[in-house]
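Okay, everyone, thanks for coming. Let's have a look at today's structure together before we talk it through.

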Amino acid sequence: MKELKYLNKYLYKYRVRLLFGVLITIIARIFSLFAPRLIGNSLTAVERFIKSETTPIEVIKEELFWNIVIIISAAIVSGFFTFLMRQTIINVSRYIEFDLKNEIFEHYQKLSLSFYKNNRTGDLMNRISEDVGKVRMYFGPAIMYSINTVSLFVIVISYMVSIAPVLTVYTLLPLPILSVTIYKLSKAINIRSTAVQEILSDLSTFTQESFSGIAVIKSYAIQSKVNKDFKELTYLSKEKNVDLAKIQAWFFPLMVLLIGFSNLLVIFIGGKQYIDGSLEIGVLAEFIIYVNMLTWPVATVGWVTSIIQQAEASQKRINDFLKEVPKITSGTIDETIKIGTIEFKNVSFTFKETKIQAAKNINFKLKLGETLGIIGKTGSGKSTILDLISRLYDVDEGEILIDGIPIQNYNLAALRSEIGYVPQNPFLFSETIESNIRFGKSDASFEEIEAAAKSSAVSGNIERFNEGYKTILGERGVTLSGGQIQRISIARALIKDPKILLFDDCLSAVDADTEEEILKNLNVSSKEKTTLIVSHRITSVKEADCIIVIEQGEIIEQGTHSDLIKEDGFYNRLYLKQNTEKNQ
Ligand SMILES: Nc1ncnc2c1ncn2[C@@H]1O[C@H](COP(=O)(O)OP(=O)(O)OP(=O)(O)O)[C@@H](O)[C@H]1O
Ligand SMILES: [Mg+2]
């Protein structure tokens, strides 16, 4: 129960409701005891009549009639309180599920990018849905049945002992066996259902990938291979499900067998006592009802134990992530960036997982309004430079200064609020184009959105859609071309009107004329911004105030376009190559 301790704060939060739940459970149980008592009484009364025949039939009839009325009323009251019990306790488990999901999600949001690179999305999703679901079972059914069982036991058993102690011992004898059996069975069921869950998640990953990658599958004509793989997976899934069904099939027969055995014992021992004259017929009848009343709660002890074990395992997985501390911590300077000068001082950075040194002793300085072009082969470390500025990763050596202040000292949100970042693989949400652009500035007016779209040369495309800016993107909406996605992401960065703009190869999918138009617009708007443009194309960077060429994390060339084309280096060769391509 070590891991589940973490959740005690939620038990405390909902203590009033839970206590209320306990109270009504006890009331419901007390009322459910009326029926056996009165059925017993009725039988005794009938026996009395048969044996003596002195009591007039009308008196017996009247007694039986009132017994029936009380039994029905008690059943209604008990049913109502049982309903309230479920309403209270199961609802609490839903509240806690809600709180816990939000807590985990908020924590996820705080964790650094490297956490996301090291953990699979499916795993993150599973912990917030499946595992939280298992933990909810602990708060809901587990707590509810425990309270139910304990209160029923205390009330019923103490009552049974008071009227027939010996018979009580015999009645309860088979119950522990029942409980242990159910526990063992539930455990086996859990193991097999975990296997089913695992294969199910493989199956859904496979299905999802084959739908997303349908274009590749079709163009490579590998449908038959995909079909075969799918068949293998579904076969496995079928096998695991059959395994599960086999063991589940044991559940009810075993329960019925053990209940039957308990009944048999009561009838046998109680019957003997009745023949001896030491027991009334009504008490015997009462006890048979009690046995049946107690079997289900006893069975739930086994079941609840296995629920708690599962919840413990799930909470451990959740706690593992909750314990994860964000690697990137916020600084204390709450002010946002004032000017936007950037300086890299001997910056080095190595990716821990791959040991790849993506930045080696990088130095450069950018004044307000200046533009830096970054060129280099793929995998040379260009994106890393931008990631370091927005503190998606922290430098290992050296420092990055913005307005002369080390970036670690800024409050993280304040720092990022003045950075407009267009990633290499931009991501648009399945919402309208308008809200995707508005992401950069939540209170932007429609005119501002239009202006940003115009600057990033995408307004024409948007206006051609039937719904214009209200067009929904993504799976249920319009699919955009690569170049359109890039330009909407640029609009998202521009609308923010930040001091620093980071463009990561985000003009790669647009044609030469559009590129020129966007760059021209940028020049106008970025007079008061510091801009970094990563590109594979000379045309994107040639107007920059300074260009650096990166190779294996190091700056190998540095200067303006006209400087660099005079040297016999990477830049010049790229320039000549792209120039001849253009003229061909
Ligand atoms: N999250 C990561 N974990 C480990 N290694 C990484 C990670 N991201 C990048 N790398 C490695 O760091 C090096 C630099 O990567 P980076 O993305 O900065 O290159 P790039 O110059 O932007 O390349 P491209 O032009 O293809 O975008 C590469 O060798 C890459 O394999
Ligand atoms: Mg890159």
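This is a predicted model: local features need pLDDT of at least 70, side-chain atom pairs count only at pLDDT 80 or more; totals for chains, interfaces and linings use all residues.

Let's start with the largest pocket. Its volume comes out at about 1,700 Å³, and 41 residues line it. If you want to find the centre on your screen, look for L113, L392, Y421, P423 and F429, which are the lining residues nearest to it. Several elements give two or more residues to that lining, among them α4 (57-110), α6 (121-163), β6 (419-422) and α17 (482-495). What's the lining like by class? It has 23 nonpolar residues, along with 10 polar and 8 charged ones.

Now for the second largest pocket, with about 1,000 Å³ of space. Here 26 residues make up the lining, and G122, D123, N126, S201 and R317 are the closest to the centre. Which helix gives the largest share of this lining? That's α8, with 12 residues. At least two residues each come from α6, α8 (175-212) and α11 (281-323). By class, we get 4 nonpolar, 13 polar and 9 charged residues in this one.

Last stop, helix α10, residues 223-276. How far apart should its ends be? It has 54 residues, and at 1.5 Å a residue they should span 80 Å, so the 80 Å between its end C-alpha atoms agrees with that. Then, just after α10, you reach G277, which takes a positive phi of about 90 degrees.

How values were computed:
Residues are numbered from 1 along each chain as its sequence is written. Chains are lettered from A and ligands numbered from 1 in the order in which they are written. Side-chain values use heavy atoms; hydrogens and water are left out. On a 1 Å grid over the protein atoms alone, a cavity is a set of points where a 1.4 Å probe fits but cannot get out, and a pocket is an open set with protein on both sides within 12 Å along at least five of seven lines; lining residues have an atom within 4 Å of a point. Grid points are joined across faces, edges and corners, and a volume is the space filled by probe spheres set on the points. Helices (H or I, at least four residues) and strands (E, at least two) are DSSP runs, numbered from the N terminus. Ala, Val, Leu, Ile, Met, Phe, Trp, Tyr, Cys and Pro count as nonpolar, Asp, Glu, Lys and Arg as charged, and the others, Gly among them, as polar. The expected span of a helix is 1.5 Å times one less than its number of residues.
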